[in-house]
Amino acid sequence: MTETTDKPKVMSERALKTRAKIMDATRAFIVREGVGRLSIDKIVKESGTSKGAFLYHFKNRKALFCALVEEYVDHLNERMNAHMGKYQNSEEPLILGYASWYEEFDKDDGGYAVLGVALLALLLHEPDALKPFHDWYAKVFKMVQDSPIKTPQLLTAIMAFEGFFFTRKMGFDSLDKETKEATWRYIIEQVAPQPKKKASKSPDKKLPA
């Protein structure tokens with residue numbers, strides 16, 4: 001017997017606003033106090049909703065965590081696609097997009113750095129809730145493997161930028177802007193340079209019979 005999945009609820013505008021209030025309150029709470037101290041009663045109080053309203057949207061605390069992680073991963077996808085889109089005519093947009101993304105993130109992370117670190121603490125409390133993160137990185141690594149740039153080169157470059165992201169998120173970034181920008185250029189030019197475009201075949205050149 002196969003397990004059936006829950007059908008998505010069709011929610012009214014009021015219900016959507018209530019769900020948003022719960023999510024907003026949860027983000028604020030875990031940034032302030034951490035995921036370990038979060039409880040349904042605390043979020044109900046913080047969001048100004050009811051326990052019944054909470055349970056309508058999230059069957060338990062883990063479901064709320066999963067929704068937060070999925071929302072965060074949606075943000076990662078949106079940012080990566082937006083920055084790669086700037087280089088859609090290049091031979092390899094992934095590393096150029098990563099560099100552009102980090103440059104924007106370094107200037108203003110929009111509060112996502114603190115939230116991302118708070119969510120990573122789920123590894124100790126609800127590790128299953130982090131599956132969307134695992135899936136997202138699996139997608140990135142698949143893009144690396146499919147790239148025209150050799151996998152060890154591109155993976156080295158991507159992981160270097162991941163290092164920049166995480167030191168920024170953790171508040172350990174003490175490098176000046178000039179040093180970082182020079183390093184980004186080095187990574188792209190020396191570690192994972194753009195592959196040369198293949199010369200197009202002459203249109204009047206006939207293929208052998």
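Select Arg 168 to begin; this residue sits in helix H9. The model on screen is predicted. With a relative accessible area of 22%, Arg 168 is partly exposed, because buried requires a value under 20%.

Arg 168 and Phe 105 stand 63 residues apart in sequence, yet 8.8 Å separates them in space, C-alpha to C-alpha.

**The network around Arg 168**

Keep Arg 168 selected and bring in Asp 106, Asp 109, Asp 173 and Lys 180. These five residues, Arg 168 included, are linked in a network of salt bridges. Side chains of opposite charge can pair when their charged atoms come close. How many salt bridges does the whole structure hold? A search finds 17.

**Along helix H9**

Colour residues 151-169, which make up helix H9. Stop at Gln 153, found in this helix. Is Gln 153 buried, partly exposed or exposed? Its relative accessibility is 29%, so Gln 153 counts as partly exposed. Next, show Val 191 beside it. Gln 153 and Val 191 are 38 residues apart along the chain, and their C-alpha atoms are separated by 5.8 Å.

Move on to Met 159, also a residue of helix H9. Met 159 has 41% relative accessibility and counts as partly exposed.

Rolling a probe the size of a water molecule over the atoms shows where empty space is left. The second largest pocket has a volume of about 300 Å³. Its lining counts 20 residues. To find the centre, select Leu 76, Phe 133, Tyr 137, Phe 166 and Lys 169, the lining residues that lie nearest to it.

Which helices supply at least two residues each to this lining? Colour helix H4 (61-85), helix H5 (93-107), helix H6 (112-120), helix H8 (131-146) and H9. Then colour the lining by class. There are 15 nonpolar, three polar and two charged residues.

**From H6 to Ala 121**

Follow the chain past H6 to Ala 121. This residue lies in the loop between H6 and helix H7 (122-125). Ala 121 has 27% relative accessibility and counts as partly exposed. Ala 121 and Ile 30 are 91 residues apart along the chain, with 9.7 Å between their C-alpha atoms.

**Salt bridges at Glu 33**

Glu 33 is partly exposed, at 32% relative accessibility. Show the side chains of Arg 32 and Arg 37 with it. Arg 32 forms a salt bridge with Glu 33, and their closest N and O atoms are 3.4 Å apart. Arg 37 meets Glu 33 in a salt bridge as well, at 3.1 Å from N to O.

**From H2 to H3**

Select Asp 41 and Lys 51. The two form a salt bridge, with 3.8 Å between the closest N and O atoms. What does the pair tie together? Asp 41 lies in helix H2 (residues 40-47) and Lys 51 in helix H3 (residues 51-57), so the pair ties together parts that are 10 residues apart in sequence. Lys 51 itself is partly exposed, with a relative accessible area of 44%.

**Zoom out**

Read along the sequence, the pattern is α-α-α-α-α-α-α-α-α-α. Finally, colour by accessibility. Of the 209 residues in the chain, 37% are buried.

Notes: Residues are numbered from 1 along each chain as its sequence is written. This is a predicted model: local features need pLDDT of at least 70, side-chain atom pairs count only at pLDDT 80 or more; totals for chains, interfaces and linings use all residues. Side-chain values use heavy atoms; hydrogens and water are left out. A salt bridge is a side-chain nitrogen of Lys or Arg within 4 Å of a carboxyl oxygen of Asp or Glu. Buried means under 20% relative accessible area, exposed over 50%, partly exposed in between (1.4 Å probe, protein chains only). Helices (H or I, at least four residues) and strands (E, at least two) are DSSP runs, numbered from the N terminus. On a 1 Å grid over the protein atoms alone, a cavity is a set of points where a 1.4 Å probe fits but cannot get out, and a pocket is an open set with protein on both sides within 12 Å along at least five of seven lines; lining residues have an atom within 4 Å of a point. Grid points are joined across faces, edges and corners, and a volume is the space filled by probe spheres set on the points. Ala, Val, Leu, Ile, Met, Phe, Trp, Tyr, Cys and Pro count as nonpolar, Asp, Glu, Lys and Arg as charged, and the others, Gly among them, as polar.
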